[in-house]
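Subject: Structure handover

Hello,

Here is the structure for you to look at. My notes come after it.

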Amino acid sequence: MGAGGRATMERVLARGPRRTGIIAGPPEVLCSRARLDGYRAALAAAGVDSADVPVEEGDFSNQSGFDCSRKLLAMAPEPPTAIVASSDQMAFGAYEALRQRGLRIPDDVTVVGFDDLPESRWSSPPLTTVRQPLAEMGALAARTVLRLAAGEEVDSPRVELATSLIERASSAPPARA
């Protein structure tokens, strides 16, 4: 569970030492919990105590990403040098919070999102993000609904499909640790 979140955090950690902050989605949403579990699993595997990594909860919107990023950036004594957002929309909010603070992406702060929205490749700088197999997800959902409507049993109530990390210019080795 949370393979996309784990791969994302592994890649952030592989880029060098960072102070990482996480913008999670709403805890009542399964994909939010799965992504956060994945982030924490990668931290644990790297020997990082997840209690030392601040987590702010957003709602997948630009505004919540902005608000959460401002909270992360206000942390003393040192704000994060990497922000991992559980949605591209929240990552875009982080972009604005960083811009308002005069911080540059990725020179000062790496930003990574999740979803690979079409705007992600056109943002400035283009957003590193996790791509989900949306067509496959839709087809699987349709097949499941048809099977249920026909009175058939479903193989599993939950299926996790493979994701892939799309590296773009918003992530780079840290300029400062």
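Predicted model: local features only at pLDDT ≥ 70, side-chain atom pairs only at ≥ 80, totals over all residues.

Residues are numbered from 1 along each chain as its sequence is written, and side-chain values use heavy atoms, with hydrogens and water left out.

**Overall**

The protein has five helices and six strands. Both are DSSP runs numbered from the N terminus: helices are H or I with at least four residues, strands are E with at least two. The order along the sequence is α-β-α-β-α-β-α-β-β-α-β. The protein has 177 residues, and 44% of them count as buried. Buried means under 20% relative accessible area, exposed over 50%, and partly exposed in between (1.4 Å probe, protein chains only). Take the contacts with a separation of 6 or more: 77% of them join residues 24 or more positions apart. Contact means heavy atoms within 4.5 Å.

**Cores**

A nonpolar core is a set of buried Ala, Val, Leu, Ile, Met, Phe, Trp, Tyr and Cys residues joined through side-chain atoms within 4.5 Å. The largest one has 18 residues. Ile23, Ile83, Leu98, Val111 and Leu127 have the most contacts inside it. At least two residues each come from α3 (62–73), β3 (82–85) and α4 (88–100). The largest share is that of α4, with seven residues. Leu98 is in contact with Leu73, Leu103, Ile105, Val109 and Val111, leaving aside neighbours within four places in sequence.

**α1 and α2**

Helix α1 (residues 3–14) packs on helix α2 (residues 30–45) at an angle of about 40°, with the axes 7 Å apart. Axes are lines fitted to C-alpha atoms, for helices over the stretch in contact; angles run from 0 to 180 degrees between N-to-C directions. The two helices are therefore oblique to each other. The cut-offs: under 35 degrees is roughly parallel, over 145 roughly antiparallel, 65 to 115 roughly perpendicular, and the rest oblique. On the α1 side, the contact includes Gly5, Met9 and Leu13. On the α2 side, it includes Arg35, Gly38 and Leu43. By class, this contact has seven nonpolar, three polar and three charged residues. Ala, Val, Leu, Ile, Met, Phe, Trp, Tyr, Cys and Pro count as nonpolar, Asp, Glu, Lys and Arg as charged, and the others, Gly among them, as polar.

**α3 and α4**

The axes of α3 and α4 come within 6 Å and cross at roughly 50°. That makes α3 oblique to α4. Residues of α3 in the contact include Phe66, Arg70 and Leu73. Those of α4 include Phe92, Ala97 and Leu98. The contact divides into seven nonpolar, seven polar and two charged residues.

**Two residues**

Arg70 lies in α3. Its relative accessibility is 47%, so Arg70 counts as partly exposed. Not counting residues up to four places away in sequence, Arg70 touches Ala97 and Gln100. The C-alpha atoms of Arg70 and Ala94 are separated by 7.9 Å, though the two are 24 residues apart along the chain.

Thr110 lies in strand β4 (residues 110–112). Thr110 is buried, with a relative accessible area of 1%. Beyond neighbours within four places in sequence, its contacts include Arg18, Ile83 and Ser171.

Best wishes
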